[in-house]
Amino acid sequence: PVGQQVWVCGQSHNIAVYSSNMEQVDSLQGHSAFVSSLILVDDIETQLLWSSSLADKTLRVWRHVVRGSAGPMAELVAANKLYEEQNWGIDEKVRQAEDAVAAARAEADAAGAQFS
């Protein structure tokens, strides 16, 4: 959940945004290929306060920004998780390539032994 909404990604170029009763309220496009992962990194809330004075006839507006419990450490954890998820596929491809090379070497050695 992102506030009162649910953000969803998958085999699409878009991020779908749904309300709490699961009605799609928005579709965000930001990638030219499918979205691999979506991680909430930080939660920031802006609070507005008003103060007034009848004596000096003024109204002041105060803005207060509150960060959620997620901070710089959460950003690093999220970045590491994203990096790790993206490397799972790469690690598997490297392992498959190494297996293919080993099989090709074994086949070449067997063929060399056959003809020597």
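**Chatting about the fold and Arg-63**

Student: Hi! How many helices and strands are there in the protein?
Tutor: The protein has one helix and five strands, where helices (H or I, at least four residues) and strands (E, at least two) are DSSP runs numbered from the N terminus. This is a predicted model, with local features needing pLDDT of at least 70 and side-chain atom pairs counting only at pLDDT 80 or more, while totals for chains, interfaces and linings use all residues. Residues are numbered from 1 along each chain as its sequence is written, and side-chain values use heavy atoms, leaving out hydrogens and water.

Student: In what order do the elements run from the N terminus?
Tutor: The order is β-β-β-β-β-α.

Student: And what does the C-alpha trace span along its principal axes?
Tutor: About 105 × 35 × 20 Å.

Student: New topic: where is Arg-63 found?
Tutor: Arg-63 sits in strand β5, residues 58-67.

Student: Is Arg-63 buried or exposed?
Tutor: Arg-63 is exposed, because its relative accessibility is 63%. Buried means under 20% relative accessible area, exposed over 50%, and partly exposed in between (1.4 Å probe, protein chains only).

Student: Which residues does Arg-63 touch?
Tutor: Leaving aside residues up to four places away in sequence, Arg-63 touches Thr-46, Gln-47 and Leu-48, a contact being heavy atoms within 4.5 Å. Thr-46 is 17 residues from Arg-63 in sequence, and their C-alpha atoms are 6.8 Å apart.
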